[in-house]
Amino acid sequence: MGEDINVRSIKLLESYHKTFTGFSSTVQHKINSYLAVLENSAEHAKQLKYRIHSFAERRKSYLNKAKVKMAAAAAEQPINPIHIAVAMKRLEGCKEAYKTAKQYDEQCDEMIKKIRILIEQSKQQSIKYRTEISLTAESGNTFLNSYISKLQSYSGQNG
Amino acid sequence: MDDFTRHINEMNDCLQSFNKNNRILSDNWKDDQADRFTQSVLTKMTEASQGLIQGMENDKNGIGAMIKQMEDMEKELKHLEAGWPTP
């Protein structure tokens, strides 16, 4: 009867040991893959920020060109009110567009600062969990191995 | 599905399956060693995994949401640019 219980326990623990090892190794693998997600997110955010900043820079350059054109229209002799009106309208449009693009760019500046901080924090935390899981897995494996050996030796003695 | 959600789902599935196996173990292994193993190993392992999932959820709501906002801003800028004057 005692022997049966031992054999059953050995089988149960050996089978469980596989699950336990599989789980800890899968989680560690997933943490590594998650760290890559964080790296990719940082790069993606950087690219977005770069493109949004380029929008603002382009609008700034358009605004400067519109200012030059406005000055040229104002300096025309004889004065051409239609040219001035067109240049003025374009200048106002370019000012408004630059203002909007600059606002987006500034908002992105704030967001990317926060994103960088959060990503760094999350990386540190994920690494901390990976270490914790690895150490716990090691201790669990030692525990199970030792307990299974003990049961096997009892089983051998009784058999 | 974004990468954050995918990782959260995968971790949840993984933990759910682990907990199921832990319940089977607990139903069939009843001695002081089983209690010791649960307290010193399984509880720690489960708590660390839950902490990890919670961290991923926070990242999804923080990092993921801000990146989404930046993507929307880029789309909106492209849309606005179509109507903006060129010099």
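1. Two residues are in contact when their C-beta atoms, placed from the backbone, lie within 7 Å. With that in hand, look at chain A of this predicted model. Take the contacts in chain A between residues at least 6 apart in sequence: 86% of them join residues at least 24 apart.

2. Next, the make-up of chain A. It has 2 helices and 0 strands. Its radius of gyration is 34 Å, well over the 15 Å that the globule rule gives for 159 residues, so chain A is more spread out than a compact globule. The C-alpha trace of chain A spans about 115 × 20 × 15 Å along its principal axes. Buried residues account for 28% of the 159 in chain A.

3. The loop of chain A deserves a look. A:Pro78 sits between helix 1 (2–75) and helix 2 (81–158) of chain A. The peptide bond that joins A:Gln77 and A:Pro78 is cis, with omega about -5°. As a rule, most peptide bonds are trans.

4. Now chain B. It too is listed with helices: 2 of them, and 0 strands. Its radius of gyration is 23 Å, whereas a compact globule of 87 residues would have one near 12 Å. The C-alpha atoms of chain B fill a box of roughly 80 × 20 × 10 Å along the principal axes. Of the 87 residues in chain B, 24% are buried.

5. How do the helices of chain B pack? Helix 1 (residues 3–28) and helix 2 (residues 32–83) of chain B meet at an angle of about 165°, and their axes are 10 Å apart. Angles over 145 degrees count as roughly antiparallel, so helix 1 of chain B is roughly antiparallel to helix 2 of chain B. The crossing of these two helices of chain B is left-handed.

6. Which residues make that contact? From helix 1 of chain B come, among them, B:Phe4, B:Ile8, B:Met11 and B:Leu15. Helix 2 of chain B contributes residues including B:Leu42, B:Leu52, B:Ile53 and B:Met56. By class, the contact between helix 1 and helix 2 of chain B has 9 nonpolar, 8 polar and 3 charged residues.

7. Last, the interface. Here 38 residues of chain B are in contact with 46 residues of chain A. On the side of chain B that touches chain A, helix 1 and helix 2 of chain B are the elements that give two or more residues. Helix 2 of chain B provides the largest share, 24 residues. By class, that side of chain B has 21 nonpolar, 11 polar and 6 charged residues.

Methods. Residues numbered from 1 in each chain as written. Chains lettered and ligands numbered in written order. Predicted model: local features only at pLDDT ≥ 70, side-chain atom pairs only at ≥ 80, totals over all residues. Axes fitted to C-alpha atoms, helices over the stretch in contact; angles between N-to-C directions. Helix = DSSP H or I, 4+ residues; strand = E, 2+ residues; numbered from the N terminus. Parallel < 35°, antiparallel > 145°, perpendicular 65-115°, else oblique. Left-handed = near helix turned anticlockwise from the far one by under 90°. Nonpolar A, V, L, I, M, F, W, Y, C, P; charged D, E, K, R; others polar. Rg over C-alpha atoms; globule rule 2.2 N^0.38 Å. Buried ≥ 20, exposed ≤ 12 C-beta atoms within 10 Å, placed from the backbone.
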